[in-house]
Amino acid sequence: MGSIARPSKIIAVHLSYASRADQRGRRPDRPSYFLKPSSSLASSGSTVERPAGTELLAFEGEVALIIGSPARRVSFEDAWDHVAHITAANDLGLYDLRTNDKGSNVRSKGGDGYTPLGPDLIDARSIDPAAIRVRTWVNGDLRQDATTDDLMFPLAQIVADLSQHFTLERGDVILTGTPAGSSVIVPGDVVEVEVDAPTAGGAPSSGRLTTTVVQGTNDFDARLGSLPLADDVQRADAWGSVEAAGLTPAAPTDAPPLLTPELRSLLMTIPTAGLSAQLRKRGINACVIEGVSANRPDTKIVGTAKTLRFVPGREDLFLTHGGGYNAQKRAFDEVAPGEIIVIEARGETGSGTFGDVLALRARARSAAGVITDGGVRDFDAVAEIGLPVFSKGAHPAVLGRRHVPWDVDVTIACGGATVQPGDIIVADGDGAIVIPPTLVFEIAHDAFTQENEDAWIAEQVASGHAIDGLFPMNAMWRAQYEASRTPPELNGVGA
C-alpha cells in the first residue's frame, strides 16, 4: 500500500450523497454503515477479479478518510481534527452476492482487492471538508463528478457518529459513500478514481487510483454457502437504473389502487361466509384457504396478497437458499402497507414458518397480516405483537426442519387455494378466502346487499315468522322487504 498503512478496520457508509440517494429512491434520516476486511485493500495499478459465474461487479468512486489520532465520543466540532489525510478509494462490490448479504455486504464488498486506495495522501488540515471533489473514469470516460457539498451527512458528522460506538484508531479508514454514476464494469475495463480539493491552495490531489478488471476462474462451492444470484432487482441497482441495465421499465400508471380505503372498509363489514356465497354463485368454489384460524379471537383482516413460497426441506437446497437474505426475509422486509403475506407451507405443521422478529418487521411495515398453512414459532409473542395471523397453529421448530424458503411474489398454493400476488384476501372467524381482483367490486356490492337482506330476514324470524317462504324470500316477502328499505349505502364504493 505504499505510504498507506494497513488499518485495524475499514468502515463504509451506505448512502451519503443526495444524488445517489435520489437515484435509489430513498433518503435516509441518519447515516448507516458496514465493515470491510482490511484484506480487501489494494493499491493503485492493481487488478480485481470478477469471479466466475458472476456479472455484476460495480465500481464506486469515494473519498476515503484516514484517522490520525484516536477518536472516542468526539464532538461534531472536534471530529475533523482526528482526520489526518484523505485519498481516493474504489469501494468495489459484487451485486451477485448481495441478496444474501443485504446490509452487511460481507461477501459482496469484502473480496480481495475490493478496496483500492491511493495513490497519494492529502493533508486533511489543508482543505475544506465540504469542498472535496471525487471523479471516476471508466476506460477514459468520466462517470462520476461530485463534491462533498452534495453530502447529506457532513464528513465530521460521520466521524463523530462512529466515535459514539467504538474507538476510531490511528490508520483506520472511513469510506464516505459514492455519488450517482456508479455502474457495472467488466473484464478489461480500467477504472480511475481521483480525489482533489480544487479550491484549496495548490489544489492538492490524490492522483489517479487505477484498477483493472480481470476475469476470475474460481467457482463458488454450493456446499459451503450461498451461490451468486443476479436478478433484475440487483441488475437495476448495480447498473444504476432499469434503463442502464437494459431492462424494460414498468409501464407508468395513474390508476388508483384497486383496494381503496372505502372498499377495504366495506369488506371489513362483510363476513367471509357471505363473500364465499357470492363467489359460489359465479362458479368459483376453490376460493377457501382451508384449515387456518386466527391466533387471536375476533380477528378480521382484509388486504392484497404478497406471496411467499416454501418448498419441502432438502439439506443441499437449504444451504443455498435458506441462509442470509433469503426469500422469507425479503417477503417480510418488502411487504407494503395493507398487504397480507400469504405463505405456501403445503399444510406442513411440523415446523414454524416465521416467528416474532419477522412479525415485528411486518408490523413495522404496516402489513395487514399473515396467513400461512403451516406453523408459527413464538406463537404467544407474535400474538402480543398485535400482527393478525391465521395459521395451522403453534410449533417451536425453526424453518430448516421442514422447509426451504424459495420465492416471493409468485403464484402459490395455500391451504388448497391458489393465491396470486395482488389477489384480495379476507379472513375472519369463518376462515380465509381469496377473491379475484377482477370480481372484487361486484362481489362486495352483491354480498353487502345480501347481508342487508339476511339481517332483515333474521329480524322477521326473531319476531316469530316461519322460515318457509321467507328464507329465501318469495314474492310476497320480497315486496315487503323492498317497501321497508332504502337503497343500501355502499360508502362511496363503485360497482
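Colleague: In this predicted model, what handedness describes the crossing in which helix 5 passes helix 11?

Modeller: Helix 5 passes helix 11 in a left-handed crossing, a term that applies if the near helix is turned anticlockwise from the far one by less than a right angle.

Colleague: What makes helix 5 oblique to helix 11?

Modeller: Helix 5, residues 261–268, packs against helix 11 at an angle of about 45 degrees, and their axes are 10 Å apart. Angles under 35 degrees count as roughly parallel and those from 65 to 115 as roughly perpendicular, so helix 5 is called oblique to helix 11.

Colleague: Which residues of helix 5 and helix 11 meet, and how do they divide by class?

Modeller: From helix 5 come Leu 263, Leu 266 and Leu 267, which meet Val 440, Phe 441, Ala 444 and Phe 448 of helix 11. Leu, Val, Phe and Ala each count as nonpolar, and the contact of helix 5 with helix 11 accordingly has seven nonpolar, no polar and no charged residues.

Colleague: Why is helix 11 called roughly perpendicular to helix 12?

Modeller: The axes of helix 11 (residues 440–462) and helix 12 (residues 475–484) cross at roughly 110 degrees and come within 11 Å. Because angles from 65 to 115 degrees count as roughly perpendicular, helix 11 is described as roughly perpendicular to helix 12.

Colleague: Which residues of helix 11 and helix 12 meet, and how many are nonpolar, polar or charged?

Modeller: In helix 11, Thr 449, Asn 452, Glu 453, Trp 456 and Gln 460 meet Trp 477, Arg 478, Gln 480, Tyr 481 and Ser 484 of helix 12. Their classes are three nonpolar, five polar and two charged; Trp and Tyr count as nonpolar, and Glu and Arg as charged.

Colleague: What lines the second largest pocket, and which strand gives the most to its lining?

Modeller: The second largest pocket, with about 340 Å³ of space, is lined by 18 residues, and Pro 51, Leu 97, Gly 111, Tyr 114 and Phe 220 lie nearest its centre. Strand 4, residues 46–50, gives the most to this lining, with three residues, while by class the lining divides into eight nonpolar, six polar and four charged residues.

Colleague: How do you know that the peptide bond joining Gly 118 and Pro 119 is cis or trans?

Modeller: Omega is about 0 degrees there, and the bond is cis; Pro 119 is placed in the loop between strand 9 (115–116) and strand 10 (122–123). Most peptide bonds are trans.

Colleague: What is the phi of Asn 105, and where is this residue found?

Modeller: Phi of Asn 105 is near 60 degrees, a positive value in a residue other than glycine, and Asn 105 is found in the loop between strand 8 (93–94) and strand 9. Most residues other than glycine have a negative phi.

Definitions and conventions:
Residues are numbered from 1 along each chain as its sequence is written. This is a predicted model: local features need pLDDT of at least 70, side-chain atom pairs count only at pLDDT 80 or more; totals for chains, interfaces and linings use all residues. Side-chain values use heavy atoms; hydrogens and water are left out. Axes are lines fitted to C-alpha atoms, for helices over the stretch in contact, and angles run from 0 to 180 degrees between N-to-C directions. Helices (H or I, at least four residues) and strands (E, at least two) are DSSP runs, numbered from the N terminus. Angles under 35 degrees count as roughly parallel, over 145 as roughly antiparallel, 65 to 115 as roughly perpendicular and the rest as oblique. Contact means heavy atoms within 4.5 Å. On a 1 Å grid over the protein atoms alone, a cavity is a set of points where a 1.4 Å probe fits but cannot get out, and a pocket is an open set with protein on both sides within 12 Å along at least five of seven lines; lining residues have an atom within 4 Å of a point. Grid points are joined across faces, edges and corners, and a volume is the space filled by probe spheres set on the points.
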